[in-house]
Amino acid sequence: MGRSLTYSQKLALGFGAVVAVALIVAAVAVLALREVVTRKDQVIDVAAQRLVHSERLHSDSARKAAETRAYLMSGDPKYLAAVHATRARFRANLDNLTREVQTAEGAALLKEVDRIEELHDRAVEAILAQPVTRESMPLLAARTEREVRPLRDQLDQAIDAFVAREDKLLQDGRAESTEVARSASRWVLVLSGVGVLLAALVAALLARTLAKQISTAARHVQTSSAELQAAAGQQATGAKQQATAMAEITTTITELLATSRQIAESAKRVAGIAAETATAARAGDQTLQRSQDSVGSIRRQVELIVNHMLELGRKSQQIGSILEIIDELAEQTNILAINATIEAAGAGESGKRFAVVAEEIRKLADRVGGSTKDIRALIDEVRSAVNTTVMATESGSKAVETGARQFTEVTAVFGQIARLVSTTTDAAREIELSTKQQTSAVEQVNSAISNVAQATREAEASSGQALETASLLATMSSDLARLVQSRDAA
Amino acid sequence: MSSTPSDRGAAALREAFDASFAAAPEDARREQVALLRLRAGGEELALRVLETGGLVALGRLTPLPARRPEVLGLTGLRGGLLPVLDLARLLRLPGQGAPRWMVLAGSGEERVGLAFDEFQGHARVLPGELHAAPASPRLHLREVVELHGRPVPVLAIPSLLHAVLGH
């Protein structure tokens, strides 16, 4: 933990300990002073006041005796009143003392004073109750001397005993407070000594620790400055190499600039060609659109032809059916004609003319039959031709559909080509623009590289300065290490 | 508009038909022999029209139990019953066919129908075109005529009828 503290923290900690000891010394001194003051105040306020009150008992007792004597000598009632007033003050003073006194011995002494004062007052009152005349005055004086004096002497003795005790108490309190003050002085002295020792210890510890750490840090600085020296040397070498590389980069960037300008020119030409291609692609797209419409019309016409051909086939089939009926009729006519010939032959000579007619009918029927055969052959040819035509037309229709589909695909492809060409045009323009920007950027880079080359040369110079500074630092750290080590040795 | 072959055929037909009314009857034509061409038992035959009583399509045939295998059954013709015989079996021809036609032979109570497979048409030949059949002639086929370039045996109906009726 001690190792993790900084120099300022350690210094603050040491001074803090010393200040704490000083504060403790000050606090002890203040407390002792306060105790001494309290004791002195008690001595002054209580014991001295009580001594004064005790002395007042003496004075009141003497005054009461004087006022009694004046009354007995003059008979003036004002002295009597003065006697009573004096006695009232005595009693009040005695009561105060009785309340203030705290020890049993003091209370007993005051009780004795009280008892003797009561006896004294009764003796005085008994004399004062007598009428004072000129004649009785010597008697009363004599009686006073005889009865009151001893009591008054006793009272004075009792008061003196109390005063002596109070005086002793006062002396004791003074001695006690003096002792407290002396004790506080001793404590302050002891604590001051402890503080001085602690400060010396802290100073010694701090000096030792800081010297050790500074010595270590100085050694570190020495090592680091050696490393820094080596690094500065390497940096100087690197800066030279960097300057050479910068020169090569500048050459390369110049070549790159020329190439970028050529690319920009090429991109411009590509953009022009792409724009022409886009125009041609749009024209081709329109032509394809028209061709697609024509192909659609051809497809509809072919479908119409197929329908007509199929209808023709159905009609041919119907003709065939009718032809079968005609053939059947011709055959039956033929048979009837044969039978008519037979019947005519049976009719003899009169039937011969009928036989001729029957023969003509038979021949007609024969020719009809032959014609029906020709017609059937023709119809078969027609149906075959229709079938062939339908098949050819259907295959043509399929070819047309395929063509239309391919036309659609070709149209879509053409559209895609047009879009791609448009995209290519845009891309070529973007390339042109980007290349121009790139050329501008390369020019800026060229300028920046020139600046960097300048900076590299400056860095080369400053690395030399850094090398000198590192050497100086190494020397300084060696001096510091020596200084600290010599102080440690001392 | 040019005339088609069909139009030309119709015109020729019309012309021939009109000419038949204009021309006088030919004697040679009267001497010609009218023949029927037919196929029975897989063989082509001819017979004289005037030896028959008529040519009819074979109608509904009711089988008739008989000892003679050539008897096919009875059929109705113009309100009467007519026995029908198989011409191929009568001539002992090898092929088996399905008779669809018949010629009438004989008269009165002895009239029969001779059934055959196919009626092929009518032909007229000069009497000189009928030749005697070569040696070992077949039964009732004693003459031969050349029709469409092929020799066709000519059936003698009276001979056949005579054999059938046992006269």
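Two residues are in contact here if their C-beta atoms, placed from the backbone, lie within 7 Å. Among contacts in chain B between residues at least 6 apart in sequence, 53% join residues at least 24 apart. For chain A, with the residues again at least 6 apart, the share that joins residues at least 24 apart is 88%. Please keep in mind that this is a predicted model.

Let me take chain A to begin with. Chain A has five helices and zero strands, and from the N terminus on its elements read α-α-α-α-α. Chain A has 490 residues, and buried ones make up 16% of them.

Now the packing of two of those helices. In general, two packed helices are described by the angle between their axes and the distance between the axes. Helix H1 of chain A covers residues 7-74, and helix H4 of chain A covers residues 136-346. Their axes come within 9 Å and cross at roughly 175°. Angles over 145 degrees count as roughly antiparallel, and H1(A) and H4(A) are therefore roughly antiparallel to each other. Sorted by class, the residues in the contact of H1(A) with H4(A) are 42 nonpolar, eleven polar and twelve charged.

One residue in chain A is worth a stop. Where is Arg91(A) found? Arg91(A) belongs to helix H2, residues 77-100 of chain A. Is Arg91(A) buried or exposed, or partly exposed? A residue needs 20 or more other C-beta atoms within 10 Å to be buried, and 12 or fewer to be exposed. Arg91(A) has 15 other C-beta atoms within 10 Å, so Arg91(A) is partly exposed. Arg91(A) and Asp60(A) are 31 residues apart in sequence, and from C-alpha to C-alpha they are 9.6 Å apart in space.

On to chain B. Chain B contains four helices and eleven strands. Of its 167 residues, 27% count as buried.

The sheet to look at is an open one of six strands in chain B, in the order E8-E1-E2-E11-E10-E9, with mixed pairing. Strand E8 (118-125) and strand E9 (131-132) of chain B stand at the edges, each with a single partner strand, so one side of each is left without a neighbour in the sheet.

Strand E1 of chain B, residues 33-40, runs antiparallel to E8(B), and seven bridges join them. In that pairing, Leu38(B) stands opposite Phe119(B) in E8(B). E1(B) also runs antiparallel to strand E2 of chain B, residues 43-48, with six bridges between the two. Here the bridge partner of Leu35(B) is Arg48(B) in E2(B). The hairpin of E1(B) and E2(B) has two residues between the strands, and Gly41(B) takes a positive phi near 55° in it.

Further along the sheet, strand E10 (residues 143-147) and strand E11 (residues 150-155) of chain B pair in the antiparallel sense over five bridges. Val144(B) stands opposite Pro153(B) in E11(B).

There is also a hairpin made by E4(B) and E5(B). Strand E4 of chain B, residues 71-77, and strand E5 of chain B, residues 80-86, run antiparallel and are joined by six bridges. Leu74(B) has Pro83(B) in E5(B) as its bridge partner. The hairpin has two residues between the strands, and Arg78(B) takes a positive phi near 50°.

Next, the cores. How many residues does the largest nonpolar core have? The count is 44, and the residues with the most contacts inside this core are Leu47(B), Leu85(B), Leu87(B), Leu114(B) and Ala115(B). The largest share of this core, seven residues, comes from H4(A). As for Leu114(B), leaving out residues up to four places away in sequence, it touches Leu85(B), Leu87(B), Met102(B), Val103(B) and Ala105(B). A second, separate core has eleven residues, including Leu94(A), Leu109(A), Leu110(A) and Phe162(A).

Last, the place where the chains meet. The contact takes 14 residues from chain A and 13 residues from chain B. On the chain A side, the elements that give two or more residues are H4 and helix H5 (350-489). By class, the side of chain A that touches chain B has six nonpolar, four polar and four charged residues.

Key. Residues are numbered from 1 along each chain as its sequence is written. Chains are lettered from A and ligands numbered from 1 in the order in which they are written. This is a predicted model: local features need pLDDT of at least 70, side-chain atom pairs count only at pLDDT 80 or more; totals for chains, interfaces and linings use all residues. Two strands pair if DSSP finds at least two bridges between them. Axes are lines fitted to C-alpha atoms, for helices over the stretch in contact, and angles run from 0 to 180 degrees between N-to-C directions. Angles under 35 degrees count as roughly parallel, over 145 as roughly antiparallel, 65 to 115 as roughly perpendicular and the rest as oblique. Ala, Val, Leu, Ile, Met, Phe, Trp, Tyr, Cys and Pro count as nonpolar, Asp, Glu, Lys and Arg as charged, and the others, Gly among them, as polar. A nonpolar core is a set of buried Ala, Val, Leu, Ile, Met, Phe, Trp, Tyr and Cys residues joined through C-beta atoms within 7 Å.
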